[in-house]
Amino acid sequence: MKNEKTTRDEQALNTKKKVIDTMMALMTDKSFDTLSVRYICKEAGISTGTFYYHFGSKDKLLQKMYKDYCLEFERSI
């Protein structure tokens, strides 16, 4: 049972990372406001249901990205 949980946790982390990486790449060419959840999901290769399960909204995804960036910045100084 523990291995199953670990595998699911790893899959969830991989999915979140894929979405965040996709969002970062997309934001180099487009503004946040012009990106739709549907487009982000299409580019990341996930369903919109998966997106909403992990992030809840596009704004919450951006908050997560900002929080991760701030934590990484704090670690680097």
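Two rings of Phe, Tyr or Trp form an aromatic pair if their centres lie within 6.5 Å. The exercises below use this definition on a predicted model.

**Exercise 1.** Find how many aromatic pairs the whole structure holds, and classify each of them.

*Solution.*
- Step 1. A search of the whole structure gives two aromatic pairs.
- Step 2. In the pair of Phe51 and Tyr52, the centres are 5.4 Å apart and the planes stand at 90°. Planes over 60 degrees apart count as edge-to-face, and Phe51 with Tyr52 is such a pair.
- Step 3. For Phe51 and Phe55 the centres are 5.5 Å apart and the planes are at 40°, so this pair is tilted.
- Step 4. Phe51, Tyr52 and Phe55 together make up one aromatic cluster.

**Exercise 2.** State whether Phe51, Phe55 and Tyr52 are buried or partly exposed.

*Solution.*
- Step 1. Buried means under 20% relative accessible area. Phe51 has 0% and therefore counts as buried.
- Step 2. Phe55 is buried as well.
- Step 3. Tyr52 has 42%, so it counts as partly exposed.

**Exercise 3.** Describe how helix α2 packs with helix α3.

*Solution.*
- Step 1. The axes of α2 (residues 37-44) and α3 (residues 48-55) are 9 Å apart, at an angle of about 105°.
- Step 2. Angles of 65 to 115 degrees count as roughly perpendicular, so α2 and α3 are roughly perpendicular to each other.
- Step 3. Val37, Arg38, Ile40 and Cys41 of α2 make the contact with Thr48, Phe51 and Tyr52 of α3.
- Step 4. Sorted by class, this contact of α2 with α3 has five nonpolar residues, one polar and one charged.

Note on methods
Residues are numbered from 1 along each chain as its sequence is written. This is a predicted model: local features need pLDDT of at least 70, side-chain atom pairs count only at pLDDT 80 or more; totals for chains, interfaces and linings use all residues. Side-chain values use heavy atoms; hydrogens and water are left out. Axes are lines fitted to C-alpha atoms, for helices over the stretch in contact, and angles run from 0 to 180 degrees between N-to-C directions. Helices (H or I, at least four residues) and strands (E, at least two) are DSSP runs, numbered from the N terminus. Angles under 35 degrees count as roughly parallel, over 145 as roughly antiparallel, 65 to 115 as roughly perpendicular and the rest as oblique. Contact means heavy atoms within 4.5 Å. Ala, Val, Leu, Ile, Met, Phe, Trp, Tyr, Cys and Pro count as nonpolar, Asp, Glu, Lys and Arg as charged, and the others, Gly among them, as polar. Rings of Phe, Tyr and Trp (its six-membered ring) pair if their centres lie within 6.5 Å; planes under 30 degrees apart count as stacked, over 60 as edge-to-face and the rest as tilted. Buried means under 20% relative accessible area, exposed over 50%, partly exposed in between (1.4 Å probe, protein chains only).
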